[in-house]
Amino acid sequence: MDTSKLFSLEGRVALVTGGSRNIGKWIAEGFIAQGAKVYISSRKADACFEAAKELGPNCTALPQDVSTVAGCKALAAQFAEQEDKLDILVNNAGAAWGEPFEQFPEQGWDKVMDLNLKSPFFLTQALHGALKAAASAQRPAKVINITSIDGQRLNPWETYSYHASKSGLIYLTKRLAARLVSDHINVTSIAPGAFASEMNRAARDHGDAVAKRIPSGRIGAEEDMAAAAIYLASRAGDYVVGETIAVDGGMVNAHLGGSIDA
């Protein structure tokens, strides 16, 4: 048994949505460090190109708004102009919306559900051919959905569409896994806890206070997110199918009470 290259991504091609900042960028950086060629996409073109420049020559920007089916198809077409095969797709682009129940608007429902739940399905569908072209029984292709521990338990905030979309994406991960495993495409998800990001401003702006309520005693670091994604994307994760891994310092499975926003 040779374990020396279990986590290597040499020769792999990856596409990460929402890759211009925070979790998506950390994953992209981790993949590149393990030898992958990475494409990142985000709605804001300037930020996408700037992030790709920062990440170096093995990163290419493909800006696109994937909140619509047309946008998903457009991104798949852009990718096809560059590559024939896709080894790893990370569906990370997401949005949140918090507002009291009495005033919660349709816009706050549709925007979040479209980007968080509809987009991963239709982008995976649009890239199915490229994923199949890269996949084999010996080396499956990978789809990694970025969900949230808010899909597994409640936070104290009135983020109705966010909770619904992330719990839905966890179950969609299972359903896609059941269909795509026959094509040698493994679908899994990562459920982040408290990481300092635009999505989680409490962890970003009040990290020490948030950390006190986490069993591990700290908020997540960039390396924690990159490590989980590298595991699932590499040979190390080839026998993991349909699973959601909580990367949360114990909030879901080792917390005795209360909650935090994550």
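Residues are termed buried at under 20% relative accessible area, exposed at over 50% and partly exposed in between (1.4 Å probe, protein chains only). The structure is a predicted model, in which local features need pLDDT of at least 70 and side-chain atom pairs count only at pLDDT 80 or more, whereas totals for chains, interfaces and linings use all residues. Residues are numbered from 1 along each chain as its sequence is written, and side-chain values use heavy atoms, with hydrogens and water left out.

Helices (H or I, at least four residues) and strands (E, at least two) are DSSP runs, numbered from the N terminus. Helix H3, residues 69-80, has 12 residues and reaches 17 Å from its first C-alpha to its last, close to the 16 Å expected at 1.5 Å a residue (1.5 Å times one less than the number of residues). Within H3, Gly71, Cys72, Leu75, Ala76 and Phe79 are buried. They lie on the same side of H3 because they cover an arc of only 140° around the axis, taken from the directions from the helix axis to the C-beta atoms. The face turned away from this buried side carries the exposed residues Ala70 and Lys73. The cover over the buried residues of H3 includes strands E1 (13-17) and E2 (37-41) and helices H4 (106-126) and H5 (128-134), contact being defined as heavy atoms within 4.5 Å.

Isoleucine 23 is found in helix H1, residues 22-33, and is buried, with a relative accessible area of 13%. Residues up to four places away in sequence not being counted, isoleucine 23 touches Asn92, Ile146, Pro192 and Met225. Tyrosine 160 lies in helix H6, residues 160-180, and counts as partly exposed at 31% relative accessibility.
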